[in-house]
Amino acid sequence: MKKVKANKGSIFTRVNDTNLLLGITVIVFLIMYLGAACILGGAFTKPQAFFNILNANASLIITSCGMSLVMITGGIDISVGGVVALVSMCCAVYLDYHDGTILGSILIALGIGLAYGIVQGFLVAYLDIQPFIVSLAGMFFARGMTTIVNTAPFNVTNEAFNQLKQTRINVPGLGTYNRRGIYVPTYAEIGVLVALIVVLVLYIMLKWTKLGRSFYAVGGNKQSALMLGINVKRTKFLSHLICSTLAGVGGYVYFLHVGSGAASHAMGMEMNAIASSIIGGTMLTGGVGNIIGTLFGVLSLSTIQNIVSSAGFDQAWWTGITIATMLCLFLLIQSVIMAKKKKALKTT
Amino acid sequence: MSKTKQNDSFLRRLISNQMFIPLLALVLLAIINLINDPSFFKISVQLNNAGNAVLSGYLITILDYGSELAILAIGMTLVTAASGGQDISVGATIAIAGSAMLHVLCGGVARPTELATPVFVAFLVACLVGMACGLFNGLLVAIFKIQPMIATLILFTAGRSIAAWINNNELPIVPDPKFAYFGGFIPGIPIPTTVFIAAACIIIMALVLKFTNLGLYTQAVGINEKSSRLNGINPTFIKILAFIILGLCVAVAALIKVSRLSTINYSVIAKDIEMDAILAVALGGNSLSGGKFNIWASILGAYVIQFLTTTLYKFEVSSDALAAYKAIVVIILVVFSAPTVRDYMGRLGKQLRAKKEVA
């Protein structure tokens, strides 16, 4: 009897949170992209435009995935932007001033990420300190360290690195012919490949592994997760570890995209990562979220930035204002959905 | 219980006092400076650029530049206590309020020859803008139940952009030298004006806390929202009020910040001040998850942080690298105030005492 009633409830009770929020995001993205292609036309109709968005935002996708993971577990990590800047500065200094190798620089990136993850994860999970405070300090530490490592921004001249930076992967079947009839292949950078692998691995992990499910359990209700025999502290620790490591990977991908080290790199990236996760349907309260949603969150965010800048509002401040407006909008949607859901559950 | 009370020595009572940690930090910093360079504490009378005899010295600098922080710490303590979260948008809202103030003062012209409106009106506008930002944050937190730090993240991202947008990305310069009095010195008075402004804010807040129920209600909402509602307090109103008061504090801080330069730099003004303000609250021994608060400890914390900043500058740390050192201080602070660590230390202390008794 009860079950039938629940099934007849409003849409908010029938569809589960994750799918509903994911659906909203995907629809918003498609409408925006198609709208841009129809109205603004031009660049948006070519497949390369889409891949340019991917190329420029591969590192954001990777860091956002880590962010989603932490947010699903009920935490937050605002140090990722700082870590990205620190990684690119350290790698740049290592490659140029110390004649480093590619492998070494990758190891540096991973090492910084891991170290961050271990310290922050320990502080958050085992010492019960608010994740926001820990990662705020982490962010300031990373930003400060970046200027201590090297103050002036500079471009990397290392040959092996520049070769890797120039490497492009042609996407088969999506090339276009230019005016002279020459075939121009659509390309993606290596970072995009890394980002897609990260998305795939995390998706599988969250969906089908015991660890992945325990992330949701801990974020949803710590107490009942503990009752189920999940090691809550270890799960939290792992979520921060993975997030910071992904920030390290994202930092390297960012470095590979821009090819320079600067203290001002990735300013506000943590914001964009949080915004993407929220737009992608990850709940701040924890327990709800989806990596595919995050991917679409990043795409929506960068599409709207592209639309804003190609529609003539190309002053720098419009980007900040649009992202904030979008974030605000999606936060309100989440809040309203949660309130309705609570009401619907109460009435049944 | 009575037994432990008897065992309470003077030292233990001192340690359990909330003022202990900021005072200890202050003494430590003072000792470090005394060892490094005793001239740190020298205060002399010098002529400044305007030809006034003013007090100068590191201690005066700390009092001067700590004012904004102390003012912000008042509001931040209330917000922390009521909502159990922190407002990270204060730096960005200072930019907005300052930008609005400049827009009104200069009448939208980049290089005006005289003030378009009196300073008082411009300050009122800044207050309104600050309160509007506070109201926005407060509504998101209290009505839409978004975590304070996330809700304020919106203005944190957009704030500096909005500030640049208000003045069309121009940097108006206030033509009247009298405007610089707020962030500098009034002729004939050797003490920085900011010290008076900060003192006025602190006195007003003290009176408000003394003669109204604001402090009690804020603590009640912070400790348990549900039971405070059952006791007839409106938690939504109290939370929004806390954010609006912070908005007022932001407007005052914006007045000082803009007055110091007579102009504004959107991306640099009050940069990282949110970190310092939160740090001041934490250093004051206030729980960052809401509830009981001690505004005096926060204000003391703010001056201690300014002391730390000045000391770091004295050691020739560049302003960009400053954040890294402060972050280490924050981590040490939060680790020692974490409940788990406190429990552990308490147990350790008990074991030690037990061993002593056996011996």
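# Note on a two-chain predicted model

1. **Contacts in chain A.** In chain A, 77% of the contacts with a separation of 6 or more involve residues 24 or more positions apart. Two residues are in contact if their C-beta atoms, placed from the backbone, lie within 7 Å.

2. **Ground rules.** This is a predicted model, in which local features need pLDDT of at least 70 and side-chain atom pairs count only at pLDDT 80 or more, while totals for chains, interfaces and linings use all residues. Residues are numbered from 1 along each chain as its sequence is written, and chains are lettered from A and ligands numbered from 1 in the order in which they are written.

3. **Confidence.** The model scores ipTM 0.76 and pTM 0.82. For chain B, the mean pLDDT is 85. In chain B, 94% of the residues reach 70 or more. pLDDT is the predictor's confidence in each residue, on a scale from 0 to 100. Where does pLDDT stay under 50 in chain B? Look at residues 1–6. The model has zero contacts beyond four places in sequence for residues 1–6 of chain B.

4. **Chain A overall.** Chain A has 15 helices and four strands. Helices (H or I, at least four residues) and strands (E, at least two) are DSSP runs, numbered from the N terminus. A compact globule of 348 residues would have a radius of gyration near 20 Å, and the 21 Å of chain A agrees. That radius is taken over C-alpha atoms; the globule rule is 2.2 Å times the number of residues to the power 0.38. Along the principal axes, the C-alpha atoms of chain A fill a box of roughly 70 × 55 × 35 Å. Buried residues make up 49% of the 348 residues in chain A. Buried means that 20 or more other C-beta atoms lie within 10 Å of the residue's own; exposed means 12 or fewer, and partly exposed is in between, with C-beta atoms placed from the backbone.

5. **Chain B overall.** Chain B has 15 helices and two strands. Its radius of gyration is 22 Å, close to the 21 Å that the globule rule gives for 359 residues, so chain B is as compact as a globular protein of that length. The C-alpha trace of chain B spans about 80 × 55 × 40 Å along its principal axes. In chain B, 45% of the 359 residues are buried. Take the contacts in chain B between residues at least 6 apart in sequence: 76% join residues at least 24 apart.

6. **The largest nonpolar core.** A nonpolar core is a set of buried Ala, Val, Leu, Ile, Met, Phe, Trp, Tyr and Cys residues joined through C-beta atoms within 7 Å. Which residues touch the most other members of the largest core? They are B:A73 and B:M101, in a core of 207 residues. Helix α11 (residues 235–261) of chain B gives the largest share of this core, 18 residues. Domain 1 (2–314) and domain 2 (317–359) of chain B each give this core at least three residues. Beyond its neighbours within four places in sequence, B:M101 has contacts that include B:F123, B:A254 and B:V258.

7. **Two domains in chain B.** The domain bounds come from an automatic or database domain assignment. The centres of domain 1 and domain 2 of chain B, taken over C-alpha atoms, are 27 Å apart. Nine residues from domain 1 and nine residues from domain 2 of chain B make the contact. On the domain 1 side, α12 (273–283) and α13 (295–314) of chain B each supply at least two residues. The side of domain 1 that touches domain 2 of chain B has seven nonpolar residues, one polar and one charged. Here Ala, Val, Leu, Ile, Met, Phe, Trp, Tyr, Cys and Pro count as nonpolar, Asp, Glu, Lys and Arg as charged, and the others, Gly among them, as polar.

8. **Chain A meets chain B.** This contact takes 33 residues from chain A and 38 residues from chain B. On the side of chain A that touches chain B, α7 (131–149), α13 (269–279) and α15 (316–347) of chain A each supply at least two residues. α7(A) gives the most to that side, with eleven residues. The residues on the chain A side divide into 23 nonpolar, eight polar and two charged.

9. **Two backbone points to check.** Most residues other than glycine have a negative phi. A:D99 is not a glycine, yet has a positive phi of about 50°. A:D99 lies in the loop between α5 (80–97) and α6 (102–126) of chain A. Is A:D99 buried or exposed? A:D99 counts as exposed because it has 9 C-beta neighbours inside 10 Å. B:N169, also not a glycine, has a positive phi near 65°. B:N169 is in the loop between α7 (148–166) and α8 (193–211) of chain B. With 13 C-beta neighbours inside 10 Å, B:N169 counts as partly exposed.
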